[in-house]
Amino acid sequence: MPSESEPKPSSESEESPASWWSKCISTMKRTPSAGRGRKISIQIGKQRALDMDPDKDLKSRDLFESKLGDASAIQEYDKAYSALLEAEENDAWDRKARPKSKSRSLSDTNERRAATIIHAIREYERRVTFGNLPSEAIPGADTLDMGGQFLTNKERIDARSELFRIAKLVPKGALLHLHFNAELDPDRLLKEAREMDNMYIRSILPLDNTKAYAETEMVFSVLDPNDINTDVDIFSSGYTGRADNWKKPEMQKEIWMKWSAFKSKYNEKFPGGDRQAPTPIDTKKPVRICDDEPATIELDPAETWLKSKMILSQEEAYGQTQTVNGVWARFNQATRCFKGLLNYEEVYRWYIGEAIEQLIKEKIMYAELRPMLLDKFIPANNGKDKLDNATQMRMITEGVAAKQAQIEADPQRSDDEFPFGLKIVYCTPRSIPKKMMQEEMKQCIELKEQFPNLICGFDLVGAEDRPNHIGFYKEELVAFRKTCETKGLHIPFLFHAGETLLDTGGSGDPNKSNLFASVALKAERIGHGFALMKHPHLVEKFKRTPTQKGICVELCPISNELLHLCRNIKEHPFPELLAAGVPCTVNSDNPSLFRNSMNHEFYQIMVGAPTMSLYSWKQLARWSIEYSCLSSDQIKRGLSILEESWRTFCKDIVDRYDKALMDGDEINDKRAELFYSHQLKPQPESQEGQAQEGIPEED
Ligand SMILES: [Zn+2]
């Protein structure tokens, strides 16, 4: 006989075998004495129950048929499944962004409806706009994979996606990871360069054969004409500029060619070369083909070719033979090409206001920009005088104040559009010698003393698969922190870290991960964090909990894809990072090179994982403000501005799409067909094709 404490076999109770068994398990878990002896007695009990089961003598085939309708067993499964779903939902990283379940307020009702609409539109577009349905048939030529390669999909996203249209309206909070030179598109900078009589250009190869056009790197600079020989000709075989001699002072006279002269000669050689089609220029609007708008600036063949050096093409990003190092080298070339077009007095001033307008257009209320400040000067307009870092910081402060005053004076605009201005993260490359790094840190601290409200962080930048890892500078970084502490200065470390697949800090040693160094140095945020999920112990440090603020990860998904960390957004580890409880923000990194925008980044997040929802967007936007370098009062105000604009956004979504598209919680396909054909503009001609078709044949 079974003892009192032992479970009864099913034949002695009303319970089904399954529920009886699950009770056995829970009893075992609760009873501390459950051990080897007890296990044996349960097994004996189970065996006895089986022996007494009248179904035992049925044929297996018949028994299976009879079990198909076993409602209690199915119920048991459903219960277990629901419990798992509920546990995941209750613990979801974005749960605090959801309206309370019992709330019936208009704004919460709107928000729930907007969430349903966005989900339905995403799934409709996956099926219809992209059309990649599971089938044995080879997909048609018009089929694309939603969430597949960004540049491959970009035209479809920009021209045909209502989800992208919605992504443009999302209030995004703050942009915390944006390289200084990379917010405006090349067209606009090339146009500005036309006005600079002393803009010069150099090459690392003579442009005397077709191959050289493809292989060379081009760099701009504003220079003093008195320092340069007037007869320098980059197209001549005698041109002496090379990758290894351009720094030599004695070479400076020989390698720079006047940009206007270069243009004339190029356009003469290739009169039928690629041209960017002209469309009217609206000077009031910031211009960017990286966004969904057609280019508004006519570029001549020389400018169009230069533009192809400044942005990453599909072939460069996804080409079969491309490597991580290869695409990084190309990315660095493009960065250097941008630098000279932007870093001179005239455009530097103009740029601040234009960049702010672009941010506002993308529904961003505040940004932290990352200039590389290793070059201590930018040229004044005459190419002779130099403006030091402090002068540049002053120009930024003045530019922000001027833009804010302009917004304030405009009765059509609200102060809440860009209430906190910009801040600057001091960036320096991780490739420099230690002595130079020490000087960099001293200058960063001095700049902070001069501009306490502007300088907000310190960062080391550059490809992580090359020397040096962050720990290489540990003496300097520790001294930096201690100096700041003593001086009462707050300059948090906001390192690029984990932007790599190898995660060995440019060595062969897995113990040289920049992620460990970032945590040990008490970084407050890190850029990218792509490799973080490889370190479960570190993930604990990053997590946000009731007792720990955690370390924020500045996600840059499109950048990661284009620089070969993953093939597309669906392979990016952002859902895992979020599910693990790591606070994250969404960032565009280098929009002018990658042809992305924050609108594209938010779109990608939504199509990158089926668990993403309207609430995910909201939580990410909230964190972008909470983990920014704003003061606690500003964060409070920023969050309240966000809440207000969020309510308007949700209402707009419901007004625009509910009646026009929805049938209950689903899209009505017939209405959608009509809606999509009416609402969306005709597909613009690809600008990329024009800029990337390679070198025109010499006439
Ligand atoms: Zn970056």
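**Helix packing and a buried helix in a predicted model**

Biologist: Which residues of α25 are buried?

Modeller: In this predicted model, the buried residues of α25 are Leu-614, Ser-616, Trp-617, Lys-618, Gln-619, Leu-620, Ala-621, Arg-622, Trp-623, Ser-624, Ile-625 and Glu-626.

Biologist: How many of the 13 residues is that, and what follows for the helix?

Modeller: Of the 13 residues of α25, 12 are buried, so the helix is largely enclosed by the rest of the structure.

Biologist: What covers the buried residues of α25?

Modeller: The cover includes the helices α5 (106–130), α24 (598–608) and α26 (632–661). It also includes the strands β1 (173–179), β12 (552–555) and β13 (584–586).

Biologist: What span should α25 have, and how far apart are its end C-alpha atoms?

Modeller: At 1.5 Å a residue, the 13 residues of α25 (residues 614–626) should span 18 Å. The end C-alpha atoms of α25 are 19 Å apart, which agrees with that expectation.

Biologist: What share of the contacts joins residues at least 24 apart?

Modeller: The share is 77%, taken among contacts between residues at least 6 apart in sequence.

Biologist: Now helix packing. At what angle do α15 and α16 cross?

Modeller: The axes of α15 (residues 345–361) and α16 (residues 389–409) cross at roughly 45° and come within 9 Å. The two helices are therefore oblique to each other, and their crossing is right-handed.

Biologist: Which residues make that contact?

Modeller: On α15 they are Tyr-348, Arg-349, Ile-352, Gly-353 and Ile-356. On α16 they are Gln-392, Met-395, Ile-396, Gly-399, Val-400, Ala-402 and Lys-403. By class, the contact of α15 with α16 has seven nonpolar, three polar and two charged residues.

Biologist: And how do α16 and α17 pack?

Modeller: Helix α17 (residues 434–450) packs with α16 at an angle of about 40°, and the axes are 11 Å apart. That makes α16 oblique to α17. The crossing of α16 and α17 is right-handed.

Biologist: Which residues of α16 and α17 meet?

Modeller: Asn-389, Ala-390 and Met-393 in α16 meet Gln-443, Leu-447 and Gln-450 in α17. The residues of this contact divide into three nonpolar, three polar and no charged.

Biologist: Why do residues three or four places apart point the same way in an α-helix?

Modeller: An α-helix has 3.6 residues a turn, so residues at that spacing point the same way.

Key:
Residues are numbered from 1 along each chain as its sequence is written. This is a predicted model: local features need pLDDT of at least 70, side-chain atom pairs count only at pLDDT 80 or more; totals for chains, interfaces and linings use all residues. Axes are lines fitted to C-alpha atoms, for helices over the stretch in contact, and angles run from 0 to 180 degrees between N-to-C directions. Helices (H or I, at least four residues) and strands (E, at least two) are DSSP runs, numbered from the N terminus. Angles under 35 degrees count as roughly parallel, over 145 as roughly antiparallel, 65 to 115 as roughly perpendicular and the rest as oblique. A crossing is left-handed if the near helix is turned anticlockwise from the far one by less than a right angle, and right-handed if clockwise. Two residues are in contact if their C-beta atoms, placed from the backbone, lie within 7 Å. Ala, Val, Leu, Ile, Met, Phe, Trp, Tyr, Cys and Pro count as nonpolar, Asp, Glu, Lys and Arg as charged, and the others, Gly among them, as polar. The expected span of a helix is 1.5 Å times one less than its number of residues. A residue is buried if 20 or more other C-beta atoms lie within 10 Å of its own, exposed if 12 or fewer, and partly exposed in between; C-beta atoms are placed from the backbone.
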